[in-house]
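Let's take a walk through this one, starting at a single residue and then moving on to a helix. Have the viewer open as you read.

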Amino acid sequence: MKEVMALSEQWIDILLAPERDRLTVAEVCRRHGISRKTFYVYLARFRTEGADGLAPRSRRPKNSPARTAGEIESLVVQIRDAQPRWGARRIHNELVRRAVVGVPAVSTVHAILRRRGRLPEKVTG
């Protein structure tokens, strides 16, 4: 929490520097190694949200439009549970044979199986 406060205070110092030190925004940005676009993004956050708006934000996307549909993931797991010896390639071919809409790539089927714990652990050493 102290780190967030320190970052917020640092940003406040940067945002106030042009007026306080009578410098151009470009000069302040150059001195602090940030772009003018970033400066103005943080300035807008500061004006609308105050110091709380300067806290670091997650860069994780809010959604994943290319993510495999839950129904298809469930079907992959269902096929694997019914046929435990089948691998990703065979399950992929079965989905194609069943004319499932939006069949994922073999690598995606493999990732689904790994994510859902349907693959044996790798033996190392």
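**From a loop to a helix**

With a relative accessible area of 18%, Thr68 is buried, since the cut-off for that label is under 20%. Bear in mind that you're looking at a predicted model. Thr68 sits in the loop between helix H3 (36-49) and H4. Skip its neighbours within four places in sequence, and Thr68 is in contact with Glu73, Pro104, Thr108 and Ile112.

Now hop over to helix H5, which spans residues 88-97. Which of its residues are buried? They are Ala88, Ile91, His92, Glu94 and Leu95. These residues cover an arc of only 160° around the axis, so they end up on the same side of H5.

Glu94 deserves a look of its own. This residue of helix H5 counts as buried because its relative accessibility is 5%, where the cut-off is under 20%. Leaving out neighbours within four places in sequence, Glu94 is in contact with Ile79 and Trp86.

To finish, follow the chain out of the helix: after H5 comes Ala99, and its phi is positive, near 60°.

Key: Residues numbered from 1 in each chain as written. Predicted model: local features only at pLDDT ≥ 70, side-chain atom pairs only at ≥ 80, totals over all residues. Heavy atoms only, no water. Buried < 20%, exposed > 50% of the residue type's maximum accessible area, 1.4 Å probe, protein only. Helix = DSSP H or I, 4+ residues; strand = E, 2+ residues; numbered from the N terminus. Arc of directions from axis to C-beta. Contact = heavy atoms within 4.5 Å.
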